[in-house]
Amino acid sequence: RSDRQWWEEAVVYQIYPKSFFDSDGDGIGDLAGITEKVDYLDALGVDAVWLCPVYDSPQADNGYDIRDYRSIFDTYGDMADWERLLAELHDRNIRLVMDLVVNHTSAEHEWFQHSRRGESEYADYYHWRDGRPAETADYDTDDGPADEVAPNNWDSIFGGPAWAYDEERGQWYLHLFDESQPDLNWENEAVREDVYEMMRWWLDRGIDGFRMDVINLVSKTPGLPDGDPESGLVGAEHFMNGPKVHDYLSELVAEAIPDDEILTVGETPGAGVEDAQRFVGEDGLSMVFQFEHVNVGHEGDKWSLEDYSLVELKESLARWQNGLADEGWNSLYLSNHDQPRTVSRFGDDGRYRRRSAKLFGTLLYTLQGTPFVYQGQEIGMTNAPFESKSELRDVESINFVEEAIESGAAESYEDVRDAVETVGRDNARTPMQWSDDENAGFTDGEPWLKVNPNYDAINVERARADPDSVWHYYRELGDLRGNRDLLVYGDFELLAPGDEQVFAYTRTLGDERALVVLNVSAEPATFAVPDDAGDDLELAIGNLNALETPGSTVELDPYEARVYLTP
Ligand code: TEU
């Protein structure tokens, strides 16, 4: 390959600033706290950090509701703190990727304030519409004047209708997320230009990339027609991968991204492989975050999760591996700030926690693509118990619980507790577990979200002191991947697609080959190595004391993972 990119060879670490490290005792993580931990990131061996939003924000959605794109949320620090963090990261050759949230702003953003007053320059910055006469609609909305309902039947991704009535303007505005997050109107060229200018402003400050929040939602079907009322998320066909999404994205890249050195990863819920091929092909993004693999086991909506089928997970990941092998690049992730913890979601967070954490680390680092490690994943952090609604902080979870109770679907929190503890976003957001000190060493104050009570056993200090920990295994995986082009660029081939226990594949580059064998189950497994896939290979890493060379069959213990390589 002649067109190698640093971000193809990198491992990216995702930081959720509110929960990473609190330097000043207010119970909330901050920029100075992250700066204190840059040596930690360096020791783990990551090459870049994706920092979730740190911009000025009323925090209805923990910063995904931005009031001012060009300043820092004061609880996190200020611009000087941010510059110090950037400098400390760059000193250690760690790049910084910032979150870009431009599908919507906070309702407190000055654009929205101007817009709701109808000031001509900003009047069309958002999607404003008159309500629909109630008698002409077959849906109901509580908001607004008595005789009208929302302009269309679209659902908000956070529950309830996607429209809110604004008294000041006397019209309704669209919000695909919380009502404090109005959607920007990308049809308006002035909006797009303001976004590009803001991006160039951040690039001038020396950042290395953008993670683009729900970037495939920016284009809506003109006229905002009703969606299929039977669909799980009503309206999705009119706002996910909308008609102009590729025009807008290629324009954004042309206008605001100077060259391929800048990592651009678009978050694209609902995008299939073919959409992704265009996003990373002609549109020019480096990669996208797709959702298919994290949706296996979901029946319809996000809150009902069944045991997932490994065959389905393999089929999905293999399709993305193959679909983006030649003309694109994959991002790789198993959890983030919106998803449950990896071991709880895909592995075993009880008896086999450590082993399954290592197994999924092996998967993450040996597929083709750029691995994204979410804070705490490197020590095998788990989902958390939430005993009452008052322990929840996430707007999506709180809306869900309230709606379930209001609609009569649940009598009390207890009825939905299992769903919240299985998939609620607060699972990923409990504070980083640094030590077995009070509050897991995260803060000297009262943490903004409860600490997972298992911090006495699962924490960084303990993991770093134990050579057999998940943390050291991640370090070794990083070395293994970094030392071999094979694990970055090698071709992927899925083996035994129908095997319900074992996830096995090869990676091949020239004369070099890797064989990865993962027993994704709590029972022992036998894997028959096909043809000569195991010839001349030696064990490079594994989560148990395995054999040096694979025979014609591999006997695996529960959640055992092995990577064999050509020596
Ligand atoms: O998430 C977009 C998204 O579609 C989902 O992951 C969503 O948050 C939810 O979990 C669906 O059930 C992005 C951000 O990652 C998320 O934190 C923000 O809340 C959201 O956009 C709005 O900005």
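The notes below cover a helix pair and then a sheet.

This is a predicted model: local features need pLDDT of at least 70, side-chain atom pairs count only at pLDDT 80 or more, and totals for chains, interfaces and linings use all residues. Residues are numbered from 1 along each chain as its sequence is written. Helices (H or I, at least four residues) and strands (E, at least two) are DSSP runs, numbered from the N terminus.

**Helix pair**

- The axes of helix 13 (residues 395-406) and helix 14 (residues 413-423) cross at roughly 145 degrees and come within 10 Å.
- Axes are lines fitted to C-alpha atoms, for helices over the stretch in contact, and angles run from 0 to 180 degrees between N-to-C directions.
- Helix 13 contributes Ser397, Phe400, Val401 and Ala404 to the contact, and helix 14 contributes Tyr413, Val416 and Val420.
- Residues are in contact if their C-beta atoms, placed from the backbone, lie within 7 Å.

**Sheet**

- An open sheet has 5 strands in the order 16-17-18-22-20, with antiparallel pairing.
- Two strands pair if DSSP finds at least two bridges between them.
- Strand 16 (491-495) and strand 20 (538-542) are the edge strands, each pairing on one side only.
- From one strand to the next, the twist averages 20 degrees.
- Strand 16 and strand 17 (residues 502-509) run antiparallel and are joined by 5 bridges.
- Asp491 stands opposite Thr508 in strand 17.
- Helix 10 (residues 310-323) packs on the sheet and touches strand 16 and strand 17.
- The direction of helix 10 makes about 155 degrees with that of strand 16.

Key. Two residues are in contact if their C-beta atoms, placed from the backbone, lie within 7 Å.
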